[in-house]
Amino acid sequence: MRISVIGCGYLGAVHAACMAKLGHEVVGIDVDARKISDLSAAKAPFYEPGLEALLEDVQETGRLTFTTDMSAAAGSDVHFICVGTPQKKGENGADMTYVDAATVGLLPHLAAGNLVVGKSTVPVGTAARLASLISEHQPDAHLVWNPEFLREGHAVDDTLHPDRFVYGVSDGSEEHVAVAVLDEVYASPLASGTPRLVTDLPTAELVKTAANSFLATKISFINAMAELCEAAGADVTRLADAIGMDDRIGRKFLHAGIGFGGGCLPKDIRAFMARAGELGADQALTFLREVDAINMRRRTRVVELTRELCGDGLLGKRITVLGAAFKPESDDVRDSPALSIAAQLQLQGAVVTVTDPKALGNAARRFPELQYVQDVETALQNADIVLLLTEWQEYRELDPHVLARTVAAPRILDGRNVLDPAKWRAAGWLYRGLGRP
Ligand SMILES: NC(=O)c1ccc[n+]([C@@H]2O[C@H](COP(=O)([O-])OP(=O)(O)OC[C@H]3O[C@@H](n4cnc5c(N)ncnc54)[C@H](O)[C@@H]3O)[C@@H](O)[C@H]2O)c1
């Protein structure tokens, strides 16, 4: 099929490449000329494992092109809307200007029978609004809401082999003409058994925000338990192991640490609360306020704990922060708890050096006042304390014996509870995890 993908960021670039991989003829469109020039040269504009190899692979077939020109969408049968929906400045709600601009920009290029497929995460009600906008211009085009569940760091695999597809259509019916078209787009993953649910438009929009709210709640739940474990002298990692053995609970997403961040969970739960307020259902989501508050408290807790571990205050202390990305296998620093902690420590007078295998460029653009060093060994030299804040594999594998000779004082705060305390203590380190004795 001929497909256009509008918005080529973390979601759209991967989606465009994967659709071409599935055999479709794809044009990726973005307003960011630098991104388009990178993608046209089969260069990933951000770090995502496997993306560059996939881009090279599919561009050789001639099935994937990129442009900044919206008119290139003309002639496509299916148009995916993949632009950003960040948090509005100074407000909790989602900023819909990009989704609206992309849709309006697409209208003149829509033909009868075309499908517009929304993948961005949007406040419930958006799809119905866009559907009437589209039908005013092209009554024979259809809108589907098809939320995206990919995880950065696993985006290629998640797109080619998702857990499920959700199609929201205007009448919520399997017989809707758009269902068969989208089935053709996803023919290959559907044939290999990926389940697909057809819902009405608001349900499809809510599936995404509900899923992210659940995940955020699970993380904040275990972080609340970490607070309690600290107060009671218990170990949250053992507690998570034990409760996670109950099938109804499960061990995934029960990792106590510095909390969640990134370009999705924080802004999605806030936008969800804002939208619930508009709908007069704010009481239903007041618990998310607490989820958010628990999460933000983690960052303050790490700053306090660092001060405690330094003994005589933060002023002039050389602190090395391992990790800037909001999670490993990504260079995304949007609302990264690691960077937010690094910046708070710097503001309180510490001399902070940050290292990360992939995210230093993005980090330096966001917080230019921090010092960035690519090489881990160099970054750790003469550190008074080390903070592990993004659990990249290479940091998990650091040798405490070797490192003890590099730093000024062997003190480590394991913000992700991924190191073996016994091993580090045996190598002479003062080890602190979160929610662990
Ligand atoms: N990143 C993820 O892991 C992920 C996962 C699931 C869902 N989502 C959702 O997908 C959406 C996109 O997220 P992202 O992380 O890819 O954001 P992003 O900021 O990386 O990408 C958005 C892209 O849209 C482009 N854009 C903005 N306005 C445009 C326009 N009018 N026309 C064409 N392009 C335009 C921007 O230049 C940018 O490249 C969001 O709603 C997000 O919540 C993201």
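Is Phe 165 buried or exposed? With a relative accessible area of 5%, Phe 165 is buried (buried is under 20%, exposed over 50%, partly exposed in between, using a 1.4 Å probe and protein chains only).

Some notes from going through the model:

1. Ground rules. This is a predicted model, where local features need pLDDT of at least 70, side-chain atom pairs count only at pLDDT 80 or more, and totals for chains, interfaces and linings use all residues. Residues are numbered from 1 along each chain as its sequence is written, and side-chain values use heavy atoms, with hydrogens and water left out.

2. Where Phe 165 sits. Look for Phe 165 in strand 7 (helices, H or I with at least four residues, and strands, E with at least two, are DSSP runs numbered from the N terminus). Between Phe 165 and Leu 190 there are 8.7 Å in space, C-alpha to C-alpha, for a sequence separation of 25 residues.

3. The aromatic cluster. Phe 165 belongs to one aromatic cluster together with Phe 80, Tyr 167 and Tyr 186. Searching the whole structure turns up seven aromatic pairs (rings of Phe, Tyr and Trp, the last by its six-membered ring, pair if their centres lie within 6.5 Å; planes under 30 degrees apart count as stacked, over 60 as edge-to-face and the rest as tilted). One of them is Tyr 167 with Tyr 186: the centres are 6.4 Å apart and the planes are at 35°, so this pair is tilted. It ties together distant parts of the chain, since Tyr 167 is in strand 7 (residues 165-169) and Tyr 186 is in the loop between helix 7 (177-185) and helix 8 (187-191), 19 residues apart. Tyr 167 is buried at a relative accessible area of 0%, and Tyr 186 is buried too, at 2%.

4. The tryptophan pair. Trp 424 and Trp 429 have ring centres 5.0 Å apart and planes at 70°, so they come out as edge-to-face. Trp 424 is buried, with a relative accessible area of 2%, and Trp 429 is buried at 4%.

5. A charge over a ring. Arg 164 lies over the face of Phe 149, 3.6 Å from the ring centre. The criterion is NZ of Lys or CZ of Arg within 6 Å of the ring centre and within 35 degrees of the ring normal.

6. Ligand contacts. The ligand is surrounded by 27 residues, and the closest are Asp 30, Lys 35, Thr 85, Glu 152 and Lys 267 (a residue is near if one of its heavy atoms lies within 4 Å). A polar side-chain atom of Lys 267 is 2.6 Å from a ligand oxygen atom. Of the 830 Å² of accessible area that the ligand has on its own, the protein covers 89% (Shrake-Rupley method, 1.4 Å probe).

7. Make-up of the shell. Helix 1 (10-21) and helix 4 (97-106) are the elements that give two or more residues to the shell around the ligand. Helix 4 gives the most, with three residues. By class, the shell has 13 nonpolar, six polar and eight charged residues (Ala, Val, Leu, Ile, Met, Phe, Trp, Tyr, Cys and Pro are nonpolar, Asp, Glu, Lys and Arg charged, the others, Gly among them, polar).

8. Most residues other than glycine have a negative phi. Phe 253, not a glycine, has a positive phi of about 65°. Phe 253 is in the loop between helix 10 (236-244) and helix 11 (265-278), and is partly exposed at 37% relative accessible area. Asn 417 also has a positive phi, near 50°; Asn 417 is in the loop between strand 13 (411-414) and helix 18 (421-426) and is buried at 12%.

9. His 24. The loop between helix 1 and strand 2 (25-29) holds His 24, which counts as buried at 6% relative accessibility. The His 24 side chain reaches the backbone nitrogen of Met 1 at 3.1 Å.

How values were computed
A polar contact is a pair of N or O atoms within 3.5 Å; within protein, one must be able to donate a hydrogen and the other to accept it, and residues adjacent in sequence count only if both atoms are side-chain atoms.
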